Amino acid sequence: MKIRILIFSLLFLCCNNLNEDTRIELLFNSPISFDSPKKQSSSKVGKSLLNLIDGANNTIHFAIYGMRNQPKILDALIRAKKRGVSILGVVDKDIYNNNYYSDTNELIKLIDYIKSDYDSDIKNAGFVKEYNYKPYWDKPSGFNGPPSIVGYSIDDKTAIISVQASKEKISFTGNIMHNKFFVFDNEIIWTGSTNISDSGTGGYNANVSALIKSKEIASLYIEEFNQMYYQGKYHNSKRVSSNLIKYNKNSDVNVYFSPQTKVLSDKIIPLIEASTESINVSVFFLTHKDVTGALIEAKRRGVSVKIIIDASGASNEYTKYEFLRMAGIPVKIENWGGKLHSKAATIDNKILILGSMNWTSAGENRNDENTILINDQKLANQFNSFFQDIWNSIPDKWLKERPSAESIFSVNSCNDGIDNDYDDRIDNLDSACINKTNELNKLPPIYIVNKTEGSKLIKGNISKGGKKIYHLPNQKYYDKVNIDLKKGEYFFANEKEAIKLGFRKSKI
Ligand SMILES: [Ca+2]
Ligand SMILES: [Ca+2]
Ligand SMILES: [Ca+2]
């Protein structure tokens, strides 16, 4: 018992004091220090989890995506169970009752009290309809997935537009219980972007996690856990707890759970819109339309924006990296074997964002996720220095181009024993490694259009009575409407811009 208390005290010797009761330590993992995924949990973030499991006295609650090849963590949980610690857990399952990570079933077998979102996924599967609307701009040929119309103004004269769609049709296999959090003795929280896997806690991917000591914050996580575990509420059936609202008003730390809170639309976008100096973003997937728009607008206002994204994330057909680059934002695509797996950012060197949620529509609207917003300069600076280190490790070539995630262009990826680009071919069986070429998939084309000419843009018209109405390219009067820029009429790249200037959509 005494030893365990000592471990807890030592864990927080180094940490930041936000107030008397809340202490936070950030746990960074850099792929520069690892050449492949590791079975030992010897990364800083892995060791901290092991120490916490061994230090737990009464309870461990966890909600994790799954588990793969981390025997020391599994053994530590079994030891905790043997000494009488109550362990309750939640993991992800798809509609076939499978989990992405190979040792999750072993975990379920050895630790008795583990549940999943399987029933919730099965229930939702019946409600998912085929995505079947016709976009008002043409879908590119060869891309058969759900279309997404994207448009941004990059200056007063120019807009960039595209219809993005995945190559293959997407079928529903379940929403994802994507959290990666543990709560120990209702007081210590271990959370962030690090999965319990050889590439996560084993230490290969870039991750940002946090160790938090706070009974109040722990109670928020427990409440979220209980909704899933005891009430079987996952994804869109969860509700926002009253605790969250009270907590937000009185503290420098805000915790948000998805999808019951629209974290990107309602929390992160307003912060981007209010920024005045700098924004550093490092996320695995950045596909969210409105976050991209807010980042482009921040750049236009003169904010210094820098972004690092993952190479496999950048090969996703809905990626926004090209739009961001066309708007003049420096975007580096990482070229390590490990993934840029963090979901972290700072705003104006004082607000730090971290958590499990990718900056995507599914992250915000469907999956179970947690995101923490911390207003603390010292912690923001710690992230910025980590960000700068990984930024510097990526050659400037990848400010302009995109490396294949498994090729000689991604360091270690041809001899790390894993399938970095999900094509079922590992290392020297992957043609990009054999041929030493940068093999890239095709992405939907992006068009640069002149706003004064208005080609394919939304038309914002002012009627004789002074009513501001906008027309989409597939609407009845689109072809007939003439836009007079001198009258205050506009061409818009997207509907959000039109609505912002007081235009409403034509009913016909
Ligand atoms: Ca699921
Ligand atoms: Ca591969
Ligand atoms: Ca590989």
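# A friendly tour of a predicted model

The domain assignment of this protein chain lists domain 1 (2-117 + 175-396) and domain 2 (450-505). The model is a predicted one.

Reader: How many Å separate the centres of domain 1 and domain 2?
Author: Let's start with the two domains in the assignment, domain 1 (2-117 + 175-396) and domain 2 (450-505). Taking their centres over C-alpha atoms, the separation of domain 1 and domain 2 is 41 Å.

Reader: Are helices H8 and H9 roughly parallel or roughly antiparallel?
Author: Two packed helices are described by the angle between their axes and the distance between the axes. For H8 (residues 263-274) and H9 (residues 289-301), the axes are 9 Å apart and the angle is about 10°. Angles under 35 degrees count as roughly parallel. H8 and H9 are therefore roughly parallel.

Reader: How many residues of the contact of H8 with H9 are nonpolar?
Author: H8 brings Leu 264, Ser 265, Ile 268, Ile 269, Ile 272 and Glu 273 to the contact, while H9 brings Asp 290, Val 291, Ala 294, Leu 295 and Ala 298. By class, one of the contact residues is polar, two are charged and the nonpolar ones number eight.

Reader: Are H2 and H3 roughly parallel or roughly perpendicular?
Author: The axes of H2 (residues 44-55) and H3 (residues 71-82) come within 9 Å and cross at roughly 10°. That angle makes H2 and H3 roughly parallel.

Reader: How many charged residues does the contact of H2 with H3 have?
Author: On the H2 side are Leu 49, Leu 50, Ile 53 and Asp 54, which meet Lys 72, Ile 73, Ala 76, Leu 77 and Ala 80 in H3. The contact has seven nonpolar residues and no polar ones, and its charged residues number two.

Reader: Is Asn 69 buried or exposed?
Author: Asn 69 lies in the loop between strand E4 (67-68) and H3. Its phi is positive, near 50°, although Asn 69 is a residue other than glycine. A residue is buried if 20 or more other C-beta atoms lie within 10 Å of its own. Asn 69 has 20 such neighbours, so Asn 69 counts as buried.

Reader: What is the phi of His 235?
Author: His 235 is placed in the loop between helix H6 (215-229) and helix H7 (242-250). With 22 C-beta neighbours inside 10 Å, His 235 counts as buried. His 235 is not a glycine, yet its phi is positive, at about 50°.

Reader: How far apart are the C-alpha atoms of Lys 39 and Gly 202?
Author: Lys 39 is in the loop between strand E2 (23-29) and H2, and with 12 C-beta neighbours inside 10 Å it counts as exposed. Not counting residues up to four places away in sequence, Lys 39 touches Asn 69, Pro 71, Asp 198 and Gly 202. Lys 39 and Gly 202 are 163 residues apart along the chain, and their C-alpha atoms are separated by 5.9 Å.

Reader: Is Leu 457 buried or exposed?
Author: Leu 457 is found in the loop between E20 and strand E21 (458-462). Its contacts beyond four places in sequence include Ala 159, Phe 491 and Phe 492. With 25 other C-beta atoms within 10 Å, Leu 457 is buried.

Methods. Residues are numbered from 1 along each chain as its sequence is written. Chains are lettered from A and ligands numbered from 1 in the order in which they are written. This is a predicted model: local features need pLDDT of at least 70, side-chain atom pairs count only at pLDDT 80 or more; totals for chains, interfaces and linings use all residues. Axes are lines fitted to C-alpha atoms, for helices over the stretch in contact, and angles run from 0 to 180 degrees between N-to-C directions. Helices (H or I, at least four residues) and strands (E, at least two) are DSSP runs, numbered from the N terminus. Angles under 35 degrees count as roughly parallel, over 145 as roughly antiparallel, 65 to 115 as roughly perpendicular and the rest as oblique. Two residues are in contact if their C-beta atoms, placed from the backbone, lie within 7 Å. Ala, Val, Leu, Ile, Met, Phe, Trp, Tyr, Cys and Pro count as nonpolar, Asp, Glu, Lys and Arg as charged, and the others, Gly among them, as polar. Domain bounds come from an automatic or database domain assignment.
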